[in-house]
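Dear colleague,

Please find the structure below, handed over for your study. My findings follow it, arranged by topic.

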Amino acid sequence: MRASGKDKVLIQKEKYFIALVPPDPLQEKLMDLKRLVKSEFQSSHALRSPAHITLAMPFQYRPEKEENLFRTLEKYLVGFDSFPVSLKGFGFFPPRVVFVAVEENPALKKLQEAVVSCCREKLGLFHSNYRDRPFHPHITIGFRDLKPQAFEAAGKYFENRDFREVFTCGSVAVLKLFSAGWKEIKSIPLR
């Protein structure tokens, strides 16, 4: 909450982010990988959200304006067609992140750029991309609470494992943070 104006009106904001959420049965297969990381490497934080590819990092937004967020994204993404997304193998961001790798995909990059552009230009969300790092699409299966020794062990476990899946990106999801974790609250279909 922050104060606004002379009378210090408090404005309640909540956290959201925008992502691709693979459909079932792939979603369940990816959640099984997150559960494996929890049981074998004691990292459960990734279980607080569905498996996803982040398009716009978490941002704060007023919940009473959610419909504006949805309408704006729908208008901005109206010309985007569905496209295939290929997952292949695993990767790591030392010192804590283990992920399912996403193969390079020009359509995905173009969609992510459009979402970030929409967030900045139409919604005024200038923190919608984490420190302006280049887009590196992935599906996190372990992070934040993954200890250094467990990260090393997870690296050895996953580095040579094969994982190949393809899904159709047919929508963009808006997720919202609740006490139990992140939940998809809106699906914006692509053509």
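A compact globule of 191 residues would have a radius of gyration near 16 Å, and the protein, at 17 Å, agrees with that expectation. Please note that this is a predicted model. Along its principal axes, the C-alpha trace spans about 55 × 40 × 30 Å. Of the 191 residues, 43% count as buried. Among contacts between residues at least 6 apart in sequence, 74% join residues at least 24 apart.

The protein contains four helices and 10 strands. Read from the N terminus, these elements follow the order β-β-β-α-β-α-β-β-α-β-α-β-β-β.

**The open sheet**

In which order do the four strands of the open sheet stand? The order is β4-β3-β9-β10, and the pairing is antiparallel. Strands β4 (53–61) and β10 (181–189) are at the edges; each has a single partner strand, so one side of each is left without a neighbour in the sheet. From one strand to the next, the twist averages 25 degrees.

Strand β3 (residues 14–20) pairs with strand β9 (residues 171–178) in the antiparallel sense, over four bridges. Within this pairing, Tyr16 has Lys176 of β9 as its bridge partner, and Ala19 stands opposite Ala173 in β9. Strand β9 also pairs with β10, again in the antiparallel sense, over eight bridges. One of the bridge partners here is Ile188 in β10, which belongs to Val172. The two strands β9 and β10 form a hairpin, with two residues between them. When you look along these strands, please keep one general point in mind. In a regular strand, the side chains alternate between the two faces of the sheet.

**The helices against the sheet**

Helix α2 (residues 66–76) lies across β3, β4, β9 and β10, and runs at about 45 degrees to β10. Helix α3 (residues 106–121) also packs on the sheet, where α3 touches β3, β4 and β9. The direction of α3 makes about 10 degrees with that of β4.

Which residues of α2 are buried? They are Glu66, Leu69, Phe70, Thr72 and Leu73. These residues cover an arc of only 165 degrees around the axis, which means that they are on the same side of α2. The elements that cover the buried residues of α2 include β3, β4, α3, β9 and β10.

Is Pro106 buried or exposed? Its relative accessible area is 68%; Pro106 therefore counts as exposed, the cut-off being over 50%. The C-alpha atoms of Pro106 and Phe17 are separated by 21 Å, and the two residues are 89 apart along the chain.

**Salt bridges**

How many salt bridges does the count give? The count comes to 11 salt bridges. Several of them are described here.

The side chains of Arg35 and Asp32 meet in a salt bridge, at 2.7 Å from N to O. Both belong to helix α1 (residues 26–41), and because they are three residues apart there, about one helical turn separates them. Arg35 is partly exposed, at 34% relative accessibility. Asp32 is also partly exposed, with a relative accessible area of 41%.

Another salt bridge joins the side chains of Lys186 and Glu74, at 3.5 Å from N to O. Lys186 lies in strand β10 and Glu74 in helix α2, so this pair ties together parts that are 112 residues apart in sequence. Lys186 is partly exposed, at 26% relative accessibility, and Glu74 is partly exposed too, with a relative accessible area of 33%.

Finally, Glu14, Glu66 and Lys176 are linked in a network of salt bridges.

With kind regards

Key
Residues are numbered from 1 along each chain as its sequence is written. This is a predicted model: local features need pLDDT of at least 70, side-chain atom pairs count only at pLDDT 80 or more; totals for chains, interfaces and linings use all residues. Side-chain values use heavy atoms; hydrogens and water are left out. Two strands pair if DSSP finds at least two bridges between them. Axes are lines fitted to C-alpha atoms, for helices over the stretch in contact, and angles run from 0 to 180 degrees between N-to-C directions. Contact means heavy atoms within 4.5 Å. Buried means under 20% relative accessible area, exposed over 50%, partly exposed in between (1.4 Å probe, protein chains only). A salt bridge is a side-chain nitrogen of Lys or Arg within 4 Å of a carboxyl oxygen of Asp or Glu. The arc is that of the directions from the helix axis to the C-beta atoms. The radius of gyration is taken over C-alpha atoms; the globule rule is 2.2 Å times the number of residues to the power 0.38.
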